[in-house]
Amino acid sequence: MPDELKPMIKIGNVTPPQYLNDAGDWELVKGAGGAYRMQESVEVSGEPFSGSGNLTKEFTEPMSGLVVSNDSVPGASGAADLTFTIDGKTRTVKAGEVYEGRFKPFESVTINSTVPWRAETLQTIGGSTVVVPPADITAPDNVTNLTTSNLTATSLTLTWIASASSDCTGYDVYRGSTLLASVTGTTYNVSGLTQATQYTFTVKAKDAANNIASGTSTTVTTSSSADTTAPTNVTNLTTANITQTGLTLNWTASASSDVASYDIYNGTTFLANVTSITYNVNGLAASTAYTFWVKAKDASGNAASGTSVDATTIAPAADTTAPSNVTNLTTSGLTQNGVTLNWTAATDNVAVTGYEIYNGASLVTTVTGTTYNVTGLTASTQYTFTVKAKDAAGNVASGTSTTFTTSAAADTTPPNPITGLTAGTVTSSSVPLTWTISSSGDVANQEVAYSSNGGTSYTVASGVINPSSNSYTVTGLAANQAYTFRVVAIDGAGNRSTAVTTTATTAAAGLTTYVSASFDGSDSTTSLPVAETGQSWTAITGTWGVSSNQAYPATSVADSVAVIDSTKSDGEVQVTFAQNPYAATNVRLYFRVVDANNLVMVQSGTGGVYQLFKRVAGTYTQLGSNTTGFTPANGDVVKVVLSGSSIAVYINGTQRLTATDAFNSTATKHGIGTNSSTAPRFNDFTVKA
């Protein structure tokens, strides 16, 4: 067994079971499967961590214990308990206390704290296979160029070039078989020698696994007395075989008899120590001036001042070969004003240094990669781009071209709007709409939407409506509800026309007839017959009679009015203008009547139109605009749909007039009338709600 024991083998911070072999080295106890097995469990420290707040810590391996320190000082301001949770169980650590515990294997812990704390996990190792990395048994390479200098009667300096092995950690220096020192550098000063004595010195490279190289040796004899005289300089130092990257140095040996070797320098950089009178220099740069020195050196390490020579390496031959053309030139990401060019790299006898990008004959830029983003182009325009590879000598390839046309400019012009939007005969859940289609030729779709809040927000009712269609029925509406309807023309680019709107009120669901007066019965010049629903007519102004089952004003007075009380202010009031609904006669349907001076009415007005008016304290005010596009005629069925302040007028089932006005909105009397004429005739008067 050796006098001194080597350090034991460690795995991380664990010392596994091992034994000393006959050579005095430690060997691990081997287990099944070629791995090494711990013979007993060992608890070791895991990863420490700390904080001053809440933290959930996860581990890559199972832990078996935890030590937690509550670093707050009991009784001090801010001191507080903390808690930690492992596998759903929470424990408390009071201020100033340290908790240490063992648990079933766990892989995370949550600490909840408002004070500073520290923690460290515990991990049990043993009883399970621990895989040890393969042992490093390869010694590093030997050092080279081991030389001596500064030789005296009792000392010298050893110098060497480092081992080429990347895992070399140091060098053992021997005098004979005696270890003098272990160093990490490439020089060592030896002292305590005997004059005129021959010595052999060996330098052995070693690595972290303590593998030691066989060693490089040099033999030297100390001086009988101190030698401080440098040799004479070499002569006739010349260069030969000059190329772009190297040359040969030749010289005549120093005349001194004690010359041991020659140091070669590139400027002030040491290159090598040789014993011959020639040296090949490599690794130079082309077309570059250098100064080389050769210094004779004796066994005592005395070096001459040196002899120098200047030399310039050869310039490379002129490169006149252009690179190959790029291949696979393609475009991608084409837009109205840009495109991306992509290509496969070119090749060259020396090296490709870049690519020139041309737009037609104009150089745009030079890049080093194989892609370029072109910008600033014009929409709907054809371009030809060329990519030319070039090298450092300025040689340029003929180029590879591609032609493309940029995308068309975006269509941002909306189509013309539709016209003549009209609501037809409504039901309690639907409203038919008709219109004249847009005059634009690029309409791809028409959208119908409706609003129950006066146009504040809309619900799209339609899918894609053929651009040549001029009608759509909106369904699924609420009964007795005023709606605003909107139609928009949309082109293929998604541009939307100005919206055109109209309004309509759906019929009440399950309407009950409260007044039904057909005026059937004997002719009369003084009164109107009782309605079939039992109500009696009241002539507020003028005298009213019946002729051929039609009501008429028997006397010609201004603003002749006959009403009947339906007890309903909302609903539908309807009558047929049987004869003479002409402009000069002002045939009228009254509703929400209080008296002759306070009422609302729809009439056939001057110019062959229908109009909405209210009369407040004897003064007429028109509501909304006149109807357009048709002329009042015999047999027109006039209906008014009332809902709160909403008023909608339908002529022969088509909505023609709308208004919003709350005047007399609770009045329940409705009726018929005219202005200064006995010609008009009425029949089929009804009130439904």
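Hi everyone, let me start with a strand pair: β37, residues 482-491, runs antiparallel to β38 and is joined to it by 6 bridges. Strands here are DSSP runs of E, at least two residues long, numbered from the N terminus, and two of them pair if DSSP finds at least two bridges between them. Within this pair, Arg486 stands opposite Thr501 in β38.

Before I go on, a word on the source: this is a predicted model, where local features need pLDDT of at least 70 and side-chain atom pairs count only at pLDDT 80 or more, while totals for chains, interfaces and linings use all residues. Residues are numbered from 1 along each chain as its sequence is written, and side-chain values use heavy atoms, with hydrogens and water left out.

Back to the sheet. It is open, has 4 strands in the order β35-β34-β37-β38, and its pairing is antiparallel. Which strands stand at the edges? They are β35 (459-460) and β38 (500-505); each has a single partner strand, so one side of each is left without a neighbour in the sheet.

How many salt bridges does the structure hold? There are 11. One of them is between the side chains of Arg118 and Asp71, at 2.9 Å from N to O. Arg118 lies in strand β9 (residues 117-125) and Asp71 in the loop between β5 (55-70) and β6 (82-86), so this pair ties together parts that are 47 residues apart in sequence. Arg118 is partly exposed, with a relative accessible area of 49%, and Asp71 is partly exposed too, at 31%.

Asp81 and Lys94 also form a salt bridge, their closest N and O atoms being 3.8 Å apart. Asp81 is in the loop between β5 and β6, and Lys94 is in the loop between β7 (89-93) and β8 (98-112), 13 residues apart. Both ends are partly exposed, Asp81 at 41% relative accessibility and Lys94 at 44%.

Now to the rings. A search of the whole structure finds 23 aromatic pairs. Rings of Phe, Tyr and Trp (its six-membered ring) pair if their centres lie within 6.5 Å, and planes under 30 degrees apart count as stacked, over 60 as edge-to-face and the rest as tilted. Trp251 and Tyr262 have ring centres 5.6 Å apart and planes at 65°, so the pair is edge-to-face. Since Trp251 lies in strand β19 (residues 247-252) and Tyr262 in strand β20 (residues 259-266), the pair ties together parts that are 11 residues apart in sequence. Trp251 is buried, with a relative accessible area of 4%, and Tyr262 also counts as buried, at 4%.

Phe577 and Phe682 form another edge-to-face pair, 5.7 Å centre to centre with 90° between the planes. Phe577 lies in strand β44 (residues 571-579) and Phe682 in strand β53 (residues 681-688), so here the parts tied together are 105 residues apart in sequence. Phe577 and Phe682 are buried.

Asn273 counts as buried, at 13% relative accessibility. Its side chain makes polar contacts with the side chains of Ser261, at 2.8 Å, and Asp263, at 2.6 Å. A polar contact is a pair of N or O atoms within 3.5 Å; within protein, one must be able to donate a hydrogen and the other to accept it, and residues adjacent in sequence count only if both atoms are side-chain atoms. Leaving aside neighbours within four places in sequence, Asn273 is in contact (heavy atoms within 4.5 Å) with residues including Asn145, Lys297 and Tyr262. That brings us back to Tyr262, the partner of Trp251 in the edge-to-face pair.

Definitions and conventions:
Buried < 20%, exposed > 50% of the residue type's maximum accessible area, 1.4 Å probe, protein only. Salt bridge = Lys/Arg side-chain N within 4 Å of Asp/Glu carboxyl O.
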